[in-house]
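Keep the sequence at hand while you read.

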Amino acid sequence: MEFRDAVAARHSAYMLDGDLSKAGVTVEDVVERLREIAPAVPSSFNSQSVRMIVLTGDDHRALWGIVEDVLRAKVGDDARFKSTEVKVRNFAKAAGTVLFYEIDALTDGLIEKYPTYASSFPVWAEHGNAMMQYAVWLALFDMGLGANIQHYNPIIDSRVAETFDVPQGYRLVAQIVFGGIAGEAARKDKQPGDVLVAVGHAKE
């Protein structure tokens, strides 16, 4: 897929299943693709503070079981929780989840080394993580897979870290759910390009 086609095709796909074979790929193919693109994604001062953990199969389902348990404990097991329960269980039907982490110690090291930019480094780190998320999302669509992005952190962080032996110092930032496309989601209205992009000129 051409880059511009991948950019145009990427959207939030919520109707997912665990069948990657429809796209002619395997979990191993997904992991290998992420390992190929991750080093190429830019980061401020080449800090490379993003880490990813890919969960599939029983581990993927265990993650969404944790999310369901944590949310039920907060919301209560009543009518208000039903729509959330359906949504979370749909995520569990997908093939896997990519967990995105930040190593804040690397950012702290830059703050100490370059104090002039101290207030900017945490912001730039978030920018770098967002670029990694977008690159992964494009890669998944390029492979013919569907995906959506979630943010159940920080309420799930401790359970996830304990269950999957996440290294200390990793801070969870986002979760991308991926899988085979089981149905098309409704497309959202987008502003046209000439509204979003202007050409600047110096004042006369």
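Start in helix α2, residues 27-37, where you will find both Arg-33 and Glu-36, three residues apart, or about one turn of the helix. Helices here are DSSP runs of H or I with at least four residues, strands are DSSP runs of E with at least two, and both are numbered from the N terminus. The side chains of Arg-33 and Glu-36 form a salt bridge, with N and O 3.9 Å apart. That term stands for a side-chain nitrogen of Lys or Arg within 4 Å of a carboxyl oxygen of Asp or Glu. Arg-33 counts as partly exposed, at 26% relative accessibility. On this scale buried is under 20% relative accessible area, exposed is over 50%, and partly exposed lies in between, using a 1.4 Å probe and protein chains only.

Before going further, a word on what you are looking at: this is a predicted model, in which local features need pLDDT of at least 70 and side-chain atom pairs count only at pLDDT 80 or more, while totals for chains, interfaces and linings use all residues. Residues are numbered from 1 along each chain as its sequence is written, and side-chain values use heavy atoms, with hydrogens and water left out.

Now step back to the whole chain. It holds eight helices and five strands, arranged along the sequence as α-β-α-β-α-α-β-α-α-β-α-β-α. The C-alpha trace spans about 60 × 40 × 35 Å along its principal axes. Of the 204 residues, 37% count as buried. How do the contacts run along the sequence? Taking contact to mean heavy atoms within 4.5 Å, and looking at residues at least 6 apart in sequence, 85% of the contacts join residues at least 24 apart.

Side chains of opposite charge can pair when their charged atoms come close. The count comes to twelve salt bridges in this model. One of them joins Arg-72 and Glu-68, whose closest N and O atoms are 3.1 Å apart. Because these two residues are four apart in helix α3 (residues 57-75), about one helical turn separates Arg-72 from Glu-68. Glu-68 counts as buried, at 10% relative accessibility.

Another salt bridge, at 3.7 Å from N to O, is made by the side chains of Arg-159 and Asp-69. This pair links distant parts of the chain, with Arg-159 in helix α7 (residues 157-163) and Asp-69 in helix α3, 90 residues apart. Arg-159 is partly exposed with a relative accessible area of 34%, and Asp-69 is also partly exposed, at 40%. Elsewhere, salt bridges with shared partners join Glu-68, Arg-72, Lys-82, Glu-85 and Arg-89 into one network.

From charges we can turn to the nonpolar side chains. In soluble globular proteins, nonpolar side chains tend to be buried together. A nonpolar core here is a set of buried Ala, Val, Leu, Ile, Met, Phe, Trp, Tyr and Cys residues joined through side-chain atoms within 4.5 Å. Which members of the largest core touch the most others? Among its 23 residues, they are Leu-63, Trp-64, Tyr-152, Ile-156 and Val-160. At least two residues of this core come from each of α3, α4 (79-92), β3 (96-103) and β5 (170-181). Helix α3 gives the largest share, six residues. If you look at Trp-64 and set aside its neighbours within four places in sequence, you will find Trp-64 in contact with Val-88, Phe-91, Ala-92, Thr-97, Gln-150, Tyr-152 and Val-177. Another core lies apart from this one and has 22 residues, including Val-25, Val-98, Phe-100 and Leu-140.

Let us finish with a few details of the backbone. Most residues other than glycine have a negative phi, and most peptide bonds are trans. Between Asn-153 and Pro-154, though, the peptide bond is cis, with omega about 5 degrees. Pro-154 sits in the loop between β4 (146-150) and α7. Asn-46 is not a glycine, yet its phi is positive, about 55 degrees. You will find Asn-46 in the loop between α2 and β2 (50-56), where it counts as exposed at 54% relative accessibility. Asp-165, in the loop between α7 and β5, also has a positive phi, near 55 degrees. With 67% relative accessibility, Asp-165 counts as exposed.
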